[in-house]
Amino acid sequence: MNQSLSPQAVIALSIPTIISSLVMVLYNLADTYFVGMLNDPIQNAAVTLVAPVILAFNAVNNLFGVGASSIMSRALGTKDFDTVRKSSAFGFYCAFAGGVLMSILCTVFQNPLLALLGADSTTHAATRNYMIWTVNFGAVPAILNVVLA
């Protein structure tokens, strides 16, 4: 059966994805605001330099969170609770594994990643310290936060 979505349905279905992206941007703005209260431009630079990695979390949580919830919604509509259970578990465990993988990769390749992000001798230490807490330790909870929602 070939079903196509109307433009109105596409717009309605894209709204949650847009909102989740905006929440990540607002999170970064709030983080920048509070770090900015330190009046230390190097700390502020660290937040800005790590922002692309944190935004990469969005790709993982949208992939598994939005993807699994789409399958779950369709399965709930047909009362196929086995598919709901399986897709829920798949989304959760893949998001968890994706977060762990991102944490490990960012830890192992920390110095090349910092150079790629633009950290120099002035901002390297602050960016590394910020990345440890927000990326190395924070990837799994940040990704699962969206997926569980």
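Q: What places D82 and K86 about one turn of the helix apart?
A: Both lie in helix α3, 4 residues apart. A helix here is a DSSP run of H or I with at least four residues, numbered from the N terminus. This is a predicted model: local features need pLDDT of at least 70, side-chain atom pairs count only at pLDDT 80 or more, and totals for chains, interfaces and linings use all residues. Residues are numbered from 1 along each chain as its sequence is written, and side-chain values use heavy atoms, without hydrogens and water.

Q: Why is the contact of D82 with K86 called a salt bridge?
A: The term needs a side-chain nitrogen of Lys or Arg within 4 Å of a carboxyl oxygen of Asp or Glu. The closest N and O atoms of D82 and K86 are 3.1 Å apart, so the pair qualifies.

Q: What makes R85 and D82 a salt bridge?
A: Their closest N and O atoms are 2.7 Å apart. R85 and D82 are both in α3, 3 residues apart.

Q: Why is R85 called exposed?
A: Exposed means over 50% relative accessible area, buried under 20%, partly exposed in between (1.4 Å probe, protein chains only). R85 has 52%, so the label is exposed.

Q: Why is D82 called partly exposed?
A: D82 has 34% relative accessibility, so it falls in the in-between class.

Q: Where is F109, and why is it called partly exposed?
A: F109 is in the loop between α3 (81-108) and α4 (110-117). Its relative accessibility is 47%, so F109 counts as partly exposed.

Terms used
Helix = DSSP H or I, 4+ residues; strand = E, 2+ residues; numbered from the N terminus.
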